[in-house]
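Please report on helix packing and on the surroundings of the ligand in the structure shown here.

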Amino acid sequence: MRTMKLGTSNLEVPVIAVGCMRINSLGQAEAEKFVQTALEAGANFFDHADIYGGGKCEEIFADAIHMNDDVREKIILQSKCGIRQGMFDFSKEHILNSVDGILKRLKTDYLDVLLLHRPDALVEPEEVAEAFDKLESSGKVRHFGVSNQKPMQIELLKKHVKQPLVANQLQMSITNATMISNGINVNMENDAAVDRDGSILDYSRLHDMTIQPWSPFQYGFFEGVFLGNEKFPELNQKIDEIAAKYEVSNTTIAIAWLLRHPAKMQPVTGTMNLERILDCCKAADITLTREEWYEIYRAAGNVLP
Ligand SMILES: NC(=O)c1ccc[n+]([C@@H]2O[C@H](COP(=O)([O-])OP(=O)(O)OC[C@H]3O[C@@H](n4cnc5c(N)ncnc54)[C@H](OP(=O)(O)O)[C@@H]3O)[C@@H](O)[C@H]2O)c1
């Protein structure tokens, strides 16, 4: 598996992250097989959140991988906190308590990466900074980042947080590519010009923050998978054509499209299917041409000015 540095850190990570939000759909034996298959393909970076399955996903994962010190040093664990029932909470108390819960469920004493899951309107960056300092000095968390945040929110955190923010997890797929289209359509009157994210793509590149695209196969907000979907005939035709050329599956091409962007993104896959996780990993070996990348972008219905 091809690797890269996560953000400005020295942490070497596979270019594909394995999302564990859906691992509670598997039985124990299936979950074991799934994590082993990912590991054998070199995908040893696992993405979690305290809320996935109400905490069950982290527990199922720890059991499936048979967590112990030996296993722990071979994998990279990322989790997130900050979402509560009916609210978001970046208070020091909530962050510290959440991490303790995460570590217990994952059966480990440290996280490689902690992300703040979704912006808290009542965020007090001084408190976040205190929480991060405590988590860093106690050795509970080695690297920090955010999720679903725009540049000015990151700047606000950075006013007080001294640790580098190495990653930002954002919704992004071929069919959810507004962060790309707003940059292509600057100052136009069309919808594609609407900047919904404060130019997070350019900001991330300027500051060497790794974008982790989540839901790389979904359209809308978890409305379904665009691959093989009759709602996207032109897109599927184009992806299938390019997949045939490279002799890979459409799954591989959908991930290769994200990896082709020079921002050096690390897609977070969600599949629990053994064949599909391997197909996702194969994308690390494919570099689409500029022509292919734009053909797929346009086939998804995106317009060029
Ligand atoms: N930061 C955030 O706010 C946030 C939000 C959501 C998710 N995430 C992270 O991102 C990860 C990925 O999210 P996601 O699960 O929504 O991503 P996804 O990979 O876009 O979707 C996965 C789902 O699509 C199905 N699927 C994938 N390819 C398919 C195909 N070719 N045909 C039919 N079904 C297909 C999978 O089924 P199979 O299992 O059968 O393949 C699975 O149910 C999560 O695990 C989580 O770690 C983060």
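## Basis of the model

The model is predicted, so local features require pLDDT of at least 70 and side-chain atom pairs count only at pLDDT 80 or more, while totals for chains, interfaces and linings use all residues. Residues are numbered from 1 along each chain as its sequence is written, and side-chain values use heavy atoms, with hydrogens and water left out.

Helices are DSSP runs (H or I, at least four residues) numbered from the N terminus. Axes are lines fitted to C-alpha atoms over the stretch in contact, and angles between N-to-C directions run from 0 to 180 degrees.

## Helix 4 with helix 5

Helix 4 (residues 92-106) packs against helix 5 (residues 125-137) at an angle of about 30 degrees, and their axes are 8 Å apart. Helix 4 and helix 5 are therefore roughly parallel (an angle under 35 degrees). Their crossing is right-handed (the near helix is turned clockwise from the far one by less than a right angle).

Contact (heavy atoms within 4.5 Å) involves Lys92, Ile95, Leu96 and Val99 of helix 4, together with Glu127, Val128, Glu130, Ala131, Lys134 and Leu135 of helix 5. By class, six of these residues are nonpolar, none polar and four charged (Ala, Val, Leu, Ile, Met, Phe, Trp, Tyr, Cys and Pro count as nonpolar, Asp, Glu, Lys and Arg as charged, and the others, Gly among them, as polar).

## Helix 2 with helix 4

Helix 2 (residues 56-64) also packs against helix 4, at an angle of about 35 degrees with the axes 7 Å apart. Helix 2 contributes Glu58, Glu59, Phe61 and Ala62, and helix 4 contributes Ile102, Arg105 and Leu106. Four of the residues in this contact are nonpolar, none polar and three charged.

## Helix 10 with helix 11

The axes of helix 10 (residues 250-259) and helix 11 (residues 274-282) cross at roughly 40 degrees and come within 7 Å. The crossing of helix 10 and helix 11 is right-handed. Thr251, Thr252 and Ile255 of helix 10 meet Arg276, Asp279, Cys280 and Lys282 of helix 11.

## Ligand surroundings

Around the ligand are 27 residues (a heavy atom within 4 Å), of which Arg22, Asp47, Ser215, Thr271 and Arg276 come nearest.

A polar side-chain atom of aspartate 47 is 2.6 Å from a ligand oxygen atom. An N or O atom in the side chain of serine 147 lies 2.9 Å from a ligand nitrogen atom.

Note on methods
Helix = DSSP H or I, 4+ residues; strand = E, 2+ residues; numbered from the N terminus. Parallel < 35°, antiparallel > 145°, perpendicular 65-115°, else oblique. Polar contact = N/O pair within 3.5 Å; in protein donor to acceptor, adjacent residues only side chain to side chain.
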